[in-house]
Amino acid sequence: MGSVLASWRRGPELPAHARRDRQGRSLPAPPGSAAGGGELPAAPIMAGRNPGTKLELGWISKVHVNRPAVVRHAEQIKKWRTVKGNWQAAWLLKAVTCIDLTTLSGDDTPSNVHRLCFKAKHPIREDLLKALDMHDKGITVAAVCVYPARVIDAVNALMAAGCDIPVASVAAGFPSGQTPLETKLAEIRLAVQYGAREIDIVISRSLVLAGQWEDLYEEIRQCREACGEAHMKTILATGELGSLPNVYKASMIAMMAGSDFIKTSTGKEVENATFPVGVVMMRAIREYYWQTGNKVGFKPAGGIRTAKDAITWLMLVKDELGVEWLKPELFRLGASSLLEDIEKQIFYHVTGTYPLLHDLATV
Amino acid sequence: MAAALEPLPVTEIFGSMEDGPGAGGAGAAAEAWFSSHGRSLGHFVAGTWLKAPGREPLECREAATGNAALLLPDPQGALLSLRVAELAVGGASAAVGVASRSWAGPLPPGLLNVVSVAPPLGHALRGHPEVTAVTVLGGAQAALWGSPRGVPRGVSPWGGPRGVSPGGARVAVLVLDSADLDSVAAALAGGLGGAQLLVVALEGALGALGRLLRVRLGALRLGDPLDPKTGLGPLPQPPPGTPHPQELLRAALEEGAEVFQPPLPGGGQFFPPTLITGVTPTSRLLREPFWGPLLPLVPVRSPQDAISVTLGLGVTAASVWAQDVPAALDVADRLPLGRVWINALEAPEAPGEALEAMREFGRPPWDPPPAPGTLPEQESSPEPETPPNDADVATALQEARRAGWGRVPGPARAQVLRGAAAALGGDSDGDDGDNGDNGDTGRLQAALLRWAARMELMGGAVQEVAGGRVLLTRRPLGVVGVAWGGPRPLARALELLPPALALGNALVLLAPPGGIGPALRLRQALVGAGLPQGALSVLPGGAGAVTTLSRHRPDGLWICGGGPEPDWSSLGGVTHVWVPGGVLGGGPGQDPAPPGCDLELELRSSRPRSLWLPGGGSQ
């Protein structure tokens with residue numbers, strides 16, 4: 001199958017009567033199970049989980065972030081670190097393999113989720129990949145990200161397509177996080193039960209703004225337990241945290257509590273992923289790695305629409321964290337319309353002209 | 001070089017994720033530009049391109065390169081380019097510095113060409129074989145070819161052209177406890193290719209900063225300095241007399257320093273970026289200018305220690321890093337440097353900065369240059385008094401440095417000058433009519449009052465620039481020695497002292513023969529009004545006064561009294577030398593203050609200082 005991603009983990013096998021959702025529809029049997037029809041091809045194992053640490057408030061007690069310097073640094077990377085030609089094509093393909101292809105709209109239905117899953121498996125036209133000699137490298141997106149209610153549709157669609165791209169679900173009171181903890185935990189467990197192998201949880205921003213770090217740590221820790229074997233991405237909603245030092249502290253707390261990824265935004269805030277915020281979060285990831293030896297992934301999300309933005313994000317990651325982070329196990333791009341622009345740029349690179357509307361399959 | 005690489009296949013790049021070469025090539029744009037301008041250089045003034053007749057290179061004795069100069073100013077220094085053009089075409093004759101007073105008119109055509117082009121074309125021209133060198137104007141001390149204060153420098157000596165770097169200067173980077181160390185490390189790695197950087201860090205921040213720097217230096221990209229993505233270019237030939245960086249490293253290692261060099265692919269002309277810790281205060285790295293991407297780290301215990309160490313490094317600018325803004329401003333205030341950045345290392349030049357520096361070249365309109373071959377009329381002089389005592393001069397200079405007059409706020413200084421004017425007015429009450437002494441005293445009083453009023457109103461200017469604002473002020477030179485090099489009497493030239501004192505300078509005056517009396521009276525009036533002891537010392541001068549003073553290296557040296565040209569080679573240790581001409585130097589004249597002379601005196605008595613304060617994001 002050759003996907004560059006990993007992560008179909010065998011979840012606990014549920015009894016038949018439990019394999020139904022709230023609408024009474026049958027839940028898919030886990031692949032590889034007897035009910036699921038046999039073995040799937042072995043998929044690469046995702047990077048090791050972040051076990052977290054006990055709460056270390058000393059790591060966040062003396063945080064100094066100079067906003068203008070961070071902004072300047074990000075601007076310089078954006079301005080001076082560009083790629084052209086084959087390099088651009090290669091970097092864009094890498095960006096494709098790191099995309100969490102997302103649809104989080106109130107009007108999502110099984111049909112558009114189905115189309116999204118097809119696009120996830122075939123993000124770039126086959127003939128374009130052939131022209132770049134990349135057709136046999138298993139270029140697919142990293143995951144499909146949907147609301148909990150659409151997880152089953154996504155899982156079914158991907159199973160029908162015969163690929164092992166994981167389904168990620170938002171949970172824990174997405175997008176505002178303003179629900180009781182018990183509700184958040186129940187939502188997480190349900191999403192896992194439906195077949196999601198990655199959970200994007202949302203933190204309570206009020207805990208950050210009030211400096212209640214112990215409570216924040218405890219909340220994330222409980223979400224981590226509710227995720228079970230599913231990977232957990234913690235959305236910090238950085239646009240609502242007030243300051244860059246708060247972003248840094250929230251990042252460290254999230255990682256200490258066991259997050260496998262830290263994510264910038266829900267995509268629903270006024271200010272979503274910005275480069276300065278990303279720089280600060282990446283510096284927190286690096287510091288956590290130096291303290292514990294555990295690598296945590298980074299996911300910017302919201303407002304990433306152009307191929308140039310995608311390359312800038314990759315450049316920032318390479319600059320702050322190094323080349324080893326430039327893989328789907330440790331870097332994701334939360335995007336919905338980004339893929340279209342990337343495919344346009346690759347079309348231009350191969351053919352020398354920009355595509356017409358019908359040249360590319362839209363979701 | 002990266003530019004010569006063939007494009008790699010996408011599959012290989014996908015695996016390695018390397019950056020690849022930068023966009024564009026150097027040759028085509030430069031060729032196109034030269035072709036469109038008929039392959040000749042000329043003057044570009046006020047929108048008109050004035051071609052030089054023919055294209056013969058002109059000998060320029062004072063210019064270090066000896067060839068026609070092409071200036072490509074940074075777009076943000078557009079005002080500077082206009083001023084340079086003015087000076088080159090029809091303005092003052094000393095556009096190439098104080099030392100080259102032999103030209104009495106505009107510069108020869110074709111010698112100095114000011115071209116305003118977009119930066120990418122500027123960089124492309126740098127790579128053209130017919131362009132031998134390019135100077136980027138900028139900084140508190142603009143360096144032109146022929147200037148006695150600067151050496152020619154390229155776009156950047158050994159790094160990439162990114163940003164507006166300190167460019168060849170020697171810069172101290174002070175890192176306090178509350179600094180954003182990640183940003184400091186990023187800025188240092190980015191600025192390593194453009195200036196001599198010396199890091200002075202508080203002990204609490206040193207360990208973490210060192211670790212971050214090791215990571216950043218290891219990720220620097222070596223390559224073509226014209227490629228914007230290059231972090232470090234090849235090491236060009238150092239200026240004569242400058243030791244190779246390997247020699248300095250060896251010396252530092254012998255003294256017990258620790259050296260970190262990342263395993264970057266290099267060899268040939270490339271020298272790896274090098275972090276040096278455990279540097280002794282007497283190390284050559286700290287005492288001499290160095291050449292190459294070396295980064296010494298010096299630990300200090302406190303901000304006061306950091307200031308003291310910085311003052312001994314011979315730096316021309318400083319960058320202070322601290323999130324505690326009052327602490328950063330306090331340190332910045334106490335650094336007597338022309339340019340200080342707060343939480344930044346690369347910053348665009350404010351429009352007023354270079355203008356201030358450019359004004360240090362040129363002659364005022366009331367002081368036309370002498371026609372070549374003529375000397376000022378020699379007046380008969382009385383017998384010289386006893387030559388100045390070396391020990392007395394040394395003591396006077398030390399007391400002047402300790403007096404702290406420059407740290408007294410402007411309004412308080414104004415009060416002292418007013419008090420002195422009142423005291424002088426009382427002294428002259430008993431004099432008869434309209435004799436010369438009373439006239440001189442009256443003019444001196446007027447000068448004291450005028451400068452007191454000026455100090456009460458004097459402030460700075462705030463320039464908004466991309467990413468922040470720059471506070472432009474003027475700071476005193478420090479300790480100024482005033483000596484007489486000719487026969488003219490002291491009286492008129494005493495009027496030089498009020499502006500110097502008003503602007504915070506301490507003075508050591510070696511009075512000419514027969515002139516010590518008026519000077520002592522002035523001193524008495526000032527001290528009585530509150531001038532600190534040592535801020536004004538009056539000693540008998542005489543033969544050799546100029547040489548004696550210059551030997552003790554005051555911050556400024558004024559040579560009054562007319563007389564022949566001083567021996568410039570003997571004044572090498574003094575940075576600011578001024579030979580006031582015309583009425584200010586003691587020559588004849590009726591007006592107490594020729595129009596425009598106050599500004600001239602202000603500029604001669606002080607130096608520009610810019611404090612860069614970042615704020616918000618860049619637009």
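Reply: A:D133 is placed in the loop that runs from α4 (126-131) to β2 (143-146) of chain A. Helices (H or I, at least four residues) and strands (E, at least two) are DSSP runs, numbered from the N terminus. The phi angle of A:D133 is near 60°, a positive value in a residue that is not glycine.

This is a predicted model, in which local features need pLDDT of at least 70, side-chain atom pairs count only at pLDDT 80 or more, and totals for chains, interfaces and linings use all residues. Residues are numbered from 1 along each chain as its sequence is written, chains are lettered from A and ligands numbered from 1 in the order in which they are written, and side-chain values use heavy atoms, with hydrogens and water left out.

Two strands pair if DSSP finds at least two bridges between them. A:V144 has A:V167 of β3(A) as its bridge partner. Both strands belong to an open sheet of eight strands in chain A, with the order β7-β6-β5-β4-β3-β2-β1-β8 and parallel pairing. The sheet ends at the edge strands β7 (297-299) and β8 (333-335) of chain A, each of which pairs on one side only. On average, neighbouring strands of this sheet are turned by 25° against each other, direction ignored. Axes are lines fitted to C-alpha atoms, for helices over the stretch in contact, and angles run from 0 to 180 degrees between N-to-C directions.

From β3 (167-170), a loop of chain A goes on to α6 (181-194), and A:P175 is in that loop. The peptide bond from A:F174 to A:P175 is cis, with omega near 0°. Helix α6(A) then lies across β3 and β4 (198-202) of chain A and runs at about 165° to β4(A). Contact here means heavy atoms within 4.5 Å.

Chain A also has helices that pack on each other. Helix α3 (residues 110-121) and helix α5 (residues 151-161) of chain A have axes that come within 9 Å and cross at roughly 45°. The two helices, α3(A) and α5(A), are therefore oblique to each other. Angles under 35 degrees count as roughly parallel, over 145 as roughly antiparallel, 65 to 115 as roughly perpendicular and the rest as oblique. The crossing of α3(A) past α5(A) is right-handed, a term used if the near helix is turned clockwise from the far one by less than a right angle. On the α3(A) side the residues are A:P110, A:V113, A:H114, A:C117 and A:K121, and they meet A:D153, A:A154, A:A157, A:L158 and A:A161 of α5(A). Seven residues of this contact between α3(A) and α5(A) are nonpolar, one is polar and two are charged. Ala, Val, Leu, Ile, Met, Phe, Trp, Tyr, Cys and Pro count as nonpolar, Asp, Glu, Lys and Arg as charged, and the others, Gly among them, as polar.

For helix α8 (residues 213-227) and helix α9 (residues 244-256) of chain A, the axes come within 8 Å and cross at roughly 45°. That angle makes α8(A) oblique to α9(A). The crossing of α8(A) past α9(A) is right-handed. Among the residues in contact are A:W213 and A:L216 of α8(A) and A:I253 and A:M256 of α9(A). The contact of α8(A) with α9(A) has eight nonpolar, one polar and two charged residues.

Helix α1 (residues 67-80) and helix α10 (residues 275-292) of chain A have axes within 8 Å that cross at roughly 105°. Helices α1(A) and α10(A) are therefore roughly perpendicular to each other. The residues A:V70, A:V71, A:H73, A:A74 and A:K78 of α1(A) meet A:F275, A:P276, A:V279, A:V280 and A:R283 of α10(A). By class, the contact of α1(A) with α10(A) holds seven nonpolar, one polar and two charged residues.

Between them the chains A and B bury about 3,500 Å², 61% of it on carbon and sulfur atoms. A:H64, A:W80 and A:W87 supply 23% of the area that chain A buries against chain B, more than any other three residues. Buried area is the accessible area (1.4 Å probe) that two parts lose on being put together, summed over both.
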